[in-house]
Amino acid sequence: MFIETVKRPIRRPGPGRPRGRTPQGDGTRKRLYEKAITLISERGYEATTLRDVAQAADVSVGLIYRYFPSKRAVVMTLYDELSTAYAARAALPPGRWRDRALFALRLSLEVLAPHRRTLAALVPVLVGDREDGLFAPNTAFSRVRVQGVFADAISGASDAPARELAGALGRLFYLVHLAVLLWWLLDKSPQQRATTALVALLARSMPSAALALRLPAVRSMVRSGDALFREALFDDATVSST
């Protein structure tokens with residue numbers, strides 16, 4: 001009895017297709033990414049091209065396109081890196097929601113501090129770009145991670161309000177946190193002292209905000225504002241987790 005062996009054609013990777021991740025490839029990608037981030041922080045997003053990055057890294061343009069097909073891919077990597085680092089460090093302390101929300105805000109500033117110059121160069125993208133901005137569908141993966149920390153800060157507190165109100169309050173503090181970050185990126189005071197003062201002002205106002213939230217009229221305003229925020233800024237993928 002004979003068994004016929006069928007020889008299948010060997011499939012080889014196409015031109016320029018990576019053969020799988022290797023330590024050398026990861027190192028190259030990291031070096032190109034860091035060079036791109038440096039140039040964006042120095043020149044601005046619009047003034048930086050991938051050709052500039054390739055030249056600065058002394059590699060071919062084809063090589064950088066193999067790892068980053070566009071500047072958008074660099075920005076998405078930055079979003080992924082920063083939101084992952086933030087979520088990994090967000091071990092919220094037990095206690096009241098106002099203390100936990102302030103902790104989440106201060107932690108965000110701490111995590112982002114080493115990248116302030118790059119993020120400042122990306123302000124026009126963060127605020128105004130429909131595809132790569134803070135509320136663009138393409139960036140939902142990063143937004144969900146960070147917003148989830150603020151949602152947990154409220155819902156997991158010892159004095160957490162009812163579920164619906166907790167979700168609304170978590171989204172509200174996520175937006176407050178974004179406003180503080182924008183202030184921080186634009187802050188020209190020495191060592192961003194004005195931002196430190198703003199966060200301190202928020203901390204002083206929190207006990208009053210907690211008392212006000214006991215009033216039915218205030219809770220109604222929070223819910224109404226949340227409905228407007230969700231319609232204007234959030235997509236279903238972002239709010240489904242709360």
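Because the model is predicted, local features are described where pLDDT is at least 70 and side-chain atom pairs count only at pLDDT 80 or more, while totals for chains, interfaces and linings use all residues. Residues are numbered from 1 along each chain as its sequence is written, and side-chain values use heavy atoms, with hydrogens and water left out.

## Helix H5 and its cover

Helices here are DSSP runs of H or I with at least four residues, numbered from the N terminus, and strands are runs of E with at least two. Helix H5 covers residues 97–112, and its 16 residues should span 22 Å at 1.5 Å a residue, which agrees with the 23 Å between its end C-alpha atoms; the expected span is 1.5 Å times one less than the number of residues.

Of the 16 residues in H5, 12 are buried, so that the helix is mostly covered, where buried means under 20% relative accessible area, exposed means over 50%, and partly exposed lies in between (1.4 Å probe, protein chains only). Among the buried residues of H5 are Trp97, Arg98, Arg100, Leu105, Ser108 and Leu112. The cover over the buried residues of H5 includes helix H4 (71–89), helix H6 (116–121), helix H8 (140–155), H9 and H10, with contact taken as heavy atoms within 4.5 Å.

## Salt bridges

Side chains of opposite charge can pair when their charged atoms come close. A salt bridge is counted when a side-chain nitrogen of Lys or Arg lies within 4 Å of a carboxyl oxygen of Asp or Glu, and the structure holds 9 of them.

| Glu131 | Arg72 | 2.0 Å |

The salt bridge between Glu131 and Arg72 links distant parts of the chain, with Glu131 in the loop between H7 and H8 and Arg72 in helix H4, 59 residues apart. Glu131 is partly exposed, with a relative accessible area of 39%, and Arg72 is partly exposed as well, with 33%. In the remaining pair of the table, Asp99 has a relative accessible area of 35% and is partly exposed, and Arg96 is partly exposed at 37%.

Asp226 lies in helix H11, which covers residues 216–232, and Asp226 counts as buried because its relative accessibility is 6%. The side chain of Asp226 makes a polar contact of 2.7 Å with the side chain of Arg171. A polar contact is a pair of N or O atoms within 3.5 Å; within protein, one must be able to donate a hydrogen and the other to accept it, and residues adjacent in sequence count only if both atoms are side-chain atoms. When neighbours within four places in sequence are left aside, Asp226 is in contact with Ala168 and Arg171.

## Loop residues

Which residues is Ser158 in contact with, leaving aside its neighbours within four places in sequence? Ser158 is in contact with Gly95 and Arg96. Ser158 is found in the loop between H8 and H9 and counts as exposed at 62% relative accessibility. The C-alpha atoms of Ser158 and Gly95 are separated by 5.4 Å, although the two residues are 63 residues apart along the chain.

Most residues other than glycine have a negative phi. Asp58, however, has a positive phi near 60 degrees; Asp58 is found in the loop between helix H2 (50–57) and helix H3 (61–67) and is exposed, with a relative accessible area of 70%. Gln192, which is not a glycine either, has a positive phi of about 55 degrees and sits in the loop between helix H9 (163–186) and helix H10 (193–212).
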